[in-house]
Amino acid sequence: MTVLKRYVLRLFMSLKYITANVVERNNGRIVATASTVEHSIKNSLECGRTCNTKAATVVGEVLAMRLKVEGLESGQERGIHVDVNKELEKKDFKNRTKVWAVINSLKNNGVKLILDENNDASHPS
């Protein structure tokens, strides 16, 4: 039986910014987004040259609030899928804690996430 992954979390990280999107896979539409590019988030942080784990946590919190407003915090009862290994592979080693900060922030704020990970993905305690 194939698991339908309707909503998927996508993360984008640069030296200066962190962006998290929840994408509807059927049509590629972004249903919710949060980024340190936004003035409201950017002004509340002291990122300086690089964004840190605190910024990633704030992005996760804002995304969780926006998903709740849209009524999608549970991904329409199917959950929002996160391919942990894929997200970690796309980022360099330095961003590993930022990826987990976004994921944990979403989970701590009531978003139902389904982690698609193999046993070799190490989760920091």
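# A five-stranded sheet with helices

Of the 125 residues in the protein, 44% are buried. The model is a predicted one. It contains four helices and five strands, and along the sequence these follow the pattern β-β-β-α-α-β-α-α-β. Contacts between residues at least 6 apart in sequence can be sorted by how far apart their partners are: 60% of them join residues at least 24 apart.

Strands of a sheet pair through backbone hydrogen bonds, and the pairing may be parallel or antiparallel. Here five strands form an open sheet, in the order E3-E2-E1-E4-E5, with mixed pairing. Strand E3 (29–35) and strand E5 (113–116) are the edge strands, each pairing on one side only. From one strand to the next, the twist averages 30°.

In that order, E1 stands between E2 and E4. On one side, E1 pairs with E2 in the antiparallel sense over seven bridges. A hairpin of four residues connects E1 to E2. Tyr7 can be followed in both directions: its bridge partner in E2 is Glu24, and in E4 it stands opposite Ile80. E1 is also mostly covered, with six of its seven residues buried.

E2 and E3 run antiparallel and are joined by six bridges. One of the residue pairs here is Val22 with its bridge partner in E3, Ala32.

Where in this part of the sheet does Asn21 lie? Asn21 belongs to strand E2 (residues 18–24). Is Asn21 buried or exposed? The cut-off for buried is under 20% relative accessible area. Asn21 has a relative accessible area of 8%, so this residue is buried. Leaving aside residues up to four places away in sequence, Asn21 touches Val8, Leu9, Arg10, Phe12, Ile30, Ala32 and Thr33. With one of these neighbours, Thr33, the side chain of Asn21 makes a polar contact, side chain to side chain, at 2.4 Å.

The helices come next. H2 lies across strand E1 (7–13), E2, E3 and strand E4 (80–83), and runs at about 140° to E3.

Two packed helices are described by the angle between their axes and the distance between the axes. For helix H2 (residues 53–70) and helix H4 (residues 96–108), the axes come within 8 Å and cross at roughly 30°. The crossing of H2 and H4 is right-handed.

Which residues of H2 and H4 meet? From H2 come Thr53, Ala56, Thr57, Gly60, Glu61, Leu63, Ala64 and Leu67. From H4 come Thr97, Lys98, Ala101, Val102, Ser105 and Leu106. By class, the contact of H2 with H4 has seven nonpolar, five polar and two charged residues.

How values were computed. Residues numbered from 1 in each chain as written. Predicted model: local features only at pLDDT ≥ 70, side-chain atom pairs only at ≥ 80, totals over all residues. Heavy atoms only, no water. Axes fitted to C-alpha atoms, helices over the stretch in contact; angles between N-to-C directions. Helix = DSSP H or I, 4+ residues; strand = E, 2+ residues; numbered from the N terminus. Left-handed = near helix turned anticlockwise from the far one by under 90°. Contact = heavy atoms within 4.5 Å. Nonpolar A, V, L, I, M, F, W, Y, C, P; charged D, E, K, R; others polar. Buried < 20%, exposed > 50% of the residue type's maximum accessible area, 1.4 Å probe, protein only. Polar contact = N/O pair within 3.5 Å; in protein donor to acceptor, adjacent residues only side chain to side chain. Pairing = 2+ DSSP bridges.
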